[in-house]
Amino acid sequence: MVSLGKELYEVKYQCQSCHTIGATGGYVGPNLNNAGSWLTPAWIEAWLRNPQALQPDTIEPRRNFTEEEIHALTAYLLTLRTAIKRLTAAKATAPARAEKGAGR
């Protein structure tokens with residue numbers, strides 16, 4: 001489903017003309033880099049069915065997606081998550097050393 005959703009996003013509906021993922025895409029619609037972390041499946045599906053029902057003044061076009069397309073696009077969008085950068089041990093201990101006056 002995810003690969004079909006990505007194909008629908010990139011090829012059939014060309015959503016990237018308005019939405020950004022990574023460093024590519026348009027700037028008319030919201031950036032979807034982290035959509036999988038802040039959108040729920042139910043909200044995505046409702047939006048894809050009828051965006052104007054959720055936000056009457058949106059410029060998002062209402063498309064006649066099939067149920068399969070809605071599920072595939074939802075599956076794809078839920079994979080979009082920005083990785084959380086982990087602190088390395090060196091970075092985590094650097095502030096403690098600085099507080100103790102290390103390196104002065």
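Predicted model: local features only at pLDDT ≥ 70, side-chain atom pairs only at ≥ 80, totals over all residues.
A residue is termed buried below 20% relative accessible area, exposed over 50% and partly exposed in between (1.4 Å probe, protein chains only). Residues are numbered from 1 along each chain as its sequence is written, and side-chain values use heavy atoms, without hydrogens or water.

By this criterion Tyr-9 is buried, at 5% relative accessibility, and Tyr-76 is likewise buried, at 7%. A search of the whole structure identified three aromatic pairs (ring centres of Phe, Tyr or Trp, the last by its six-membered ring, within 6.5 Å; planes under 30 degrees apart stacked, over 60 edge-to-face, the rest tilted). Among them, Tyr-9 and Tyr-76 form a tilted pair, with 5.6 Å between centres and 55 degrees between planes. Because Tyr-9 belongs to helix H1 (residues 2-12) and Tyr-76 to helix H5 (residues 67-78), this pair ties together parts 67 residues apart in sequence. Helices here are DSSP runs (H or I, at least four residues) numbered from the N terminus.

The ring planes of Tyr-13 and Phe-65 stand at 80 degrees, with centres 4.8 Å apart, so this pair is edge-to-face. Both residues are buried.

Beyond its neighbours within four places in sequence, Leu-73 is in contact (heavy atoms within 4.5 Å) with Gly-5, Leu-8, Tyr-9, Leu-48 and Phe-65.

Note on methods. Helix = DSSP H or I, 4+ residues; strand = E, 2+ residues; numbered from the N terminus.
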